[in-house]
Amino acid sequence: MLSEPTVPEGWRVVTWLERVPEGHLDAYVLARAAMDDAPADEGMEFPAASAESVRAMEQALAARDREMRVTVALADDGEIGAFTELRLTPGSSQAVTDDTGTVATHRRKGLARAVKLESLRRLRDDHAEVETVITTNAEENAAMRGLNAIIGFEPVVTTTLATLPVAR
């Protein structure tokens, strides 16, 4: 069901468990900035990634006994062109993909598809007990919705997100 990822020349797909290696942390933080220009609901703002926020997220997940799996498209020069994060509680039959992003200059090369496929293939190989993977998308993000459909995700629910500005 999950095809072998196709990776463009000069790139390889790598998965890290629990923690982004120190030697790749800065490149990962830069790649996470791809989330800043992803289509999202009007008025939604997300905090910028930093080395500190990545490490804090890793620690929070570890404290809750959640496994973090980060799969990246890594260039020969160490640049990260795309990433996806997958999280699960060991022993659970369900996993959740969180953010997936592609650096703007590397879009339309198939990197997001490659990292998502590899992430799911590795999950299947490492955790046979997982039966379902959940992902969410902004309705505005047609590219990611299309990619998820190609991979095999099926929409099952539509949620509404409401915001209220609280001005002082």
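This is a predicted model: local features need pLDDT of at least 70, side-chain atom pairs count only at pLDDT 80 or more; totals for chains, interfaces and linings use all residues.
Local features need pLDDT of at least 70 and side-chain atom pairs count only at pLDDT 80 or more, whereas totals for chains, interfaces and linings use all residues. Residues are numbered from 1 along each chain as its sequence is written, and side-chain values use heavy atoms, with hydrogens and water left out.

A search of the whole structure finds one aromatic pair, formed by Tyr28 and Phe83, whose rings stand edge-to-face at 5.6 Å centre to centre with 80 degrees between the planes. Rings of Phe, Tyr and Trp (its six-membered ring) pair if their centres lie within 6.5 Å, and planes under 30 degrees apart count as stacked, over 60 as edge-to-face and the rest as tilted. Because Tyr28 lies in helix 1 (residues 25–32) and Phe83 in strand 3 (residues 80–88), the pair ties together parts that are 55 residues apart in sequence. Helices (H or I, at least four residues) and strands (E, at least two) are DSSP runs, numbered from the N terminus.

Tyr28 is buried at 0% relative accessibility, and Phe83 is buried with a relative accessible area of 0%; buried means under 20% relative accessible area, exposed over 50% and partly exposed in between (1.4 Å probe, protein chains only).

The table turns to the backbone and lists two non-glycine residues with positive phi.

| Residue | Phi | Place | Relative accessibility |
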